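Open your viewer and get ready to click through a few side chains. Each stop tells you what to select and what you'll find there.

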Amino acid sequence: HDKLAGNNVSSLCLAPDGRKLLFSRTLPRIGTYDVWSYDIARGTETRLTPSTNSDFSGRWLPGGHHIVYSAVGSGLPRIHRLDLETGKAEAMLGPTGFQEATDLSPDGRTLAYTERTPAGDVAAWSVPLTGGAAPARLTPPGFHVRDAHFSPDGRFVAFVSDESGEFELYVAPFPGRGERVRLSTAGAKGLRWPRAGNEILYLSLDRKVVSVPVRTAPVLQLGTPKLLFTLAGDSAFLKRYMLWPVE
């Protein structure tokens with residue numbers, strides 16, 4: 001939408017029912033971020049995190065009455081859960097590193113997120129939203145990970161990692177351990193796994209949107225990558241706007 005165009009908007013996330021959109025916006029002259037909600041049918045915007053610090057990367061939780069987002073307090077960004085009805089926000093994880101939510105499992109029970117460690121690498125993790133279980137690492141240490149998205153059936157997780165020396169797209173079983181399979185061949189910046197589940201979409205380093213046919217049952221099967229189209233503009237800018245249909 002034209003109202004959301006511009007360099008001050010990022011981290012778009014469509015609600016499960018397709019009616020609202022979360023996005024992060026920079027406050028003019030200040031440079032901090034807040035998380036906003038955009039009502040697609042009515043064309044109205046609502047500021048959800050009116051704090052004096054930066055809040056960004058909002059993700060919807062099941063039911064549409066709660067979101068998770070990264071909040072900068074007195075230290076590094078931590079993932080918080082916000083009750084949209086009461087306005088109450090609380091930290092979900094301890095202050096261990098720069099945390100950013102990336103996806104929610106199809107059953108709505110598990111959050112995937114990335115976290116920068118004191119050593120400087122960035123790993124992907126998962127954590128149950130209820131029950132108090134400890135986070136589980138999804139990717140090996142020592143590398144930088146961008147994005148982490150569950151398959152529509154919840155049996156796999158896809159992520160972008162530089163473990164080969166360049167950022168490439170990988171798929172690994174979830175939960176538990178298993179072989180990581182590389183999908184891209186010439187670099188990847190971001191990914192989406194549409195709900196239909198029969199393909200993974202990723203943005204290459206040279207601004208190409210590529211589709212990789214995939215089946216997850218009974219075992220993981222991958223097809224030949226296919227170029228869909230090439231996007232105009234800066235690839236770093238485009239990655240922020242990778243928004244795909246809910247179906």
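Start by selecting Arg 25 and Trp 36: the charged end of Arg 25 sits over the ring of Trp 36, 5.0 Å from its centre. A charge counts as sitting over a ring if NZ of Lys or CZ of Arg is within 6 Å of the ring centre and within 35 degrees of the ring normal. Before you go on, keep in mind that this is a predicted model, where local features need pLDDT of at least 70, side-chain atom pairs count only at pLDDT 80 or more, and totals for chains, interfaces and linings use all residues. Residues are numbered from 1 along each chain as its sequence is written, and side-chain values use heavy atoms, with hydrogens and water left out.

(Rings of Phe, Tyr and Trp, the latter by its six-membered ring, pair if their centres lie within 6.5 Å; planes under 30 degrees apart are stacked, over 60 edge-to-face, and the rest tilted.) Phe 23 is in strand β2 (residues 20–26) and Trp 36 in strand β3 (residues 33–39), so the pair ties together parts 13 residues apart in sequence. Strands here are DSSP runs of E, at least two residues, and they are numbered from the N terminus.

(Buried means under 20% relative accessible area, exposed over 50%, and partly exposed in between, using a 1.4 Å probe and protein chains only.)

Now go back to Arg 25 and select Glu 45. Their side chains meet in a salt bridge at 2.8 Å, N to O. The pair links distant parts of the chain, with Glu 45 in strand β4 (residues 44–47) and Arg 25 in strand β2, 20 residues apart. Arg 25 is buried at 13%, while Glu 45 is partly exposed at 23%. A salt bridge, by the way, is a side-chain nitrogen of Lys or Arg within 4 Å of a carboxyl oxygen of Asp or Glu. By this rule the count comes to five.

Select Arg 180 and Glu 163, which meet at 2.9 Å, N to O. Arg 180 lies in the loop between β15 and β16, and Glu 163 in the loop between β14 (156–161) and β15, so the pair ties together parts 17 residues apart in sequence. Then select Arg 182 and Glu 168, whose closest N and O atoms are 3.0 Å apart. Glu 168 is buried at 3%, but Arg 182 is partly exposed at 40%.

In the loop between β15 (168–173) and β16 (181–182), find Pro 175. The peptide bond from Phe 174 to Pro 175 is cis, with omega near -10°. For another cis bond, look at Ala 217 and Pro 218, where omega is about 0°. Pro 218 is in the loop between β19 (208–215) and β20 (221–222).

Ser 11 lies in strand β1 (residues 9–14) and is buried at 18% relative accessibility.

Definitions and conventions:
Helix = DSSP H or I, 4+ residues; strand = E, 2+ residues; numbered from the N terminus.
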